[in-house]
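Subject: Structure handover

Hi,

Here is the structure you asked about. My notes follow below it.

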Amino acid sequence: MSERIFIGVAWPYADGPLHLGHIAGAYLPPDIFARYHRTKGNEVLMVSGSDQHGTPITIKAEQEGKTPGEIAVQYHQQFLDSWQKLGISFDLFTSTGTANHAEVSCDIFLTLLNRGYIYKATVSQPYCPYCRRFLPDRYVEGTCPYCYSSGARGDQCDECSKPVNPVELIDPRCRLCGTTPQFKDSEHFFLKLTAFEDRLLAWVKQQTHWRQNVLNFTLRYLEQGLKDRAITRDIEWGIPVPLDGFEGKCLYVWFEAVIGYLSATKEWAKSSGDEEKWRSFWQGAVKSYYFIGKDNILFHTTIWPAMLMGYDDLNLPYDVPANEFLTIEGKRLSTSRNWAVWLPDYLSRYDPDPLRYLLSINMPETGDTDFSWREFVRRNNDELVATYGNLVNRVLTLVYRNFDGLVPAAGELDSLSQNVIDDAKETLITMDGLLYRCRFREAIRSAMSLAQETNRYLDEKSPWKIIKQDRQASATALYVALSVLSCLRTALYPFLPFSSQRLHEFLGFKGNVEGDGWQLHFPPTGQRLLPPEPLFSKLDEGLVAEETSRLGGVHC
Ligand SMILES: [Zn+2]
Ligand SMILES: [Zn+2]
């Protein structure tokens, strides 16, 4: 029985390029997961889009003298280009700027309003007397009321990841001019989170399959008690509040952006020609996964579920496998200090698979991990080139030279050969269990151990030495090794889709890796191989110094 899997991926703000922290945190993991499930024959829908609203974009537009719309379109195009080059296989990557998204957001807003889960109240909003405007979320900075770190914003503290209201900030300042804001009365709508407190707590307590960090963080937050939150703002850029008398006010970006998961599904259904098809990923037997960075956990484990509970008849998240952070060369990533590796820069200089490899084998699943250029070069040269690539290359070359490029017929397998085949089958089963539970790091490690083991097997059998005196034994060893390669192209496909597809073709298979399913497909005797070429290229040690020197400099 095939399963239905919905994969919602964090919506990146269209206010700047993506960096490796984004990729390791929220974009590579869902792609691995989607490719794995598709290979299993499951029905997958993976959606996201660029978040075109909110103050990060209006701030950027003001800095660059452009309109927010121009900024959003520019980065949306860049995201699409990056996904294609890095192989992030969205079924739909849309944006929050569509009429469809506005319609779905307004429907949720009005439904929750009618049911009493949204109410009106007068609040004091920060207003800058110098700039003569209300200051929404990110236009206010100050000290966090929870952890006392400076530089918390009016929507969230990056240090402790807690949502913050502007009025709670200690020593608030206008981000545009530094003036201390006044607080002025303004009428706004609130989401009644307090109404969901007990249901949320009971629901979260049942999610024992969640990652420990996600579960504990959410429980601690819920146990402190929830506060109702304003979901509209005095801002022109966004989805206008769909009621008369609220001109100049928009739905607040965190309320509206999470609705993107649902609106994107509806857009996908419309373009498929079956408008009602969205239901198959939101109602009934479907598991919904939300891949996000750790700074986004509470929006997906409390606020979005509360909205879904209030709307009633849509599935709650099944899992929210949030990753921890990636540091760069031992230091916390910072976009303002340009202590970051930007994805478009990386993709302009290197192949996608070596990056996917490093970020997978060193994924910040249970704690922060570090990216360094030295490790990038080392893992590429020692593991991708010397272990996996070399195994592929020597097997394919030997078969190509000695057996006319055709898969040779195996003789009887001795116990050593049988063990290697059994381990290959076992690896797929082990990885199946790990990938299903979103344990990506362990999964790729077991594929790489199989490659190592097969290298040892080849050294032991030395088919190149015995080709003259015992052609059959040589053929058998190479057949076993070809079978492992066939296994590895499947096992590594979710992680390294580009090189896996090339290996699939070198082995003489037609179509694509996904079509062959999550199983060990023995290459048929007599199948014609393609002339082998190296799967990976060695990288020069010199790039370590060159790339490291770019960090912290001026980014152009
Ligand atoms: Zn804090
Ligand atoms: Zn100001």
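The largest cavity holds about 60 Å³ of space. A cavity here is a set of points on a 1 Å grid over the protein atoms alone where a 1.4 Å probe fits but cannot get out. Volume is the space filled by probe spheres set on the points, with grid points joined across faces, edges and corners. The structure holds 1 cavity of 30 Å³ or more. Lining residues have an atom within 4 Å of a point. Among those of the largest cavity are His 53, Asp 137, Arg 233, Trp 237 and Tyr 252. By class, that lining divides into 6 nonpolar, 4 polar and 2 charged. Ala, Val, Leu, Ile, Met, Phe, Trp, Tyr, Cys and Pro count as nonpolar, Asp, Glu, Lys and Arg as charged, and the others, Gly among them, as polar.

Please keep the basis in mind: this is a predicted model, in which local features need pLDDT of at least 70, side-chain atom pairs count only at pLDDT 80 or more, and totals for chains, interfaces and linings use all residues. Residues are numbered from 1 along each chain as its sequence is written, chains are lettered from A and ligands numbered from 1 in the order in which they are written, and side-chain values use heavy atoms, with hydrogens and water left out.

Next, the second largest pocket. A pocket is an open set with protein on both sides within 12 Å along at least five of seven lines. This one has about 350 Å³ of space. It is lined by 17 residues, and His 209, Arg 211, Arg 437, Cys 438 and Arg 439 are the closest to its centre. The lining has 6 nonpolar, 3 polar and 8 charged residues. Helix α14 gives the most to it, with 3 residues.

α14 (residues 440–461) also packs with α11 (residues 352–361): their axes come within 8 Å and cross at roughly 115°. Axes are lines fitted to C-alpha atoms, for helices over the stretch in contact, and angles run from 0 to 180 degrees between N-to-C directions. So α11 is roughly perpendicular to α14 (65 to 115 degrees). Tyr 357, Ser 360 and Ile 361 of α11 meet Arg 441, Ile 444, Arg 445 and Met 448 of α14 (contact: heavy atoms within 4.5 Å).

Overall, the protein chain has 18 helices and 16 strands. These are DSSP runs, numbered from the N terminus: H or I of at least four residues for helices, E of at least two for strands.

Best wishes

Key. Parallel < 35°, antiparallel > 145°, perpendicular 65-115°, else oblique.
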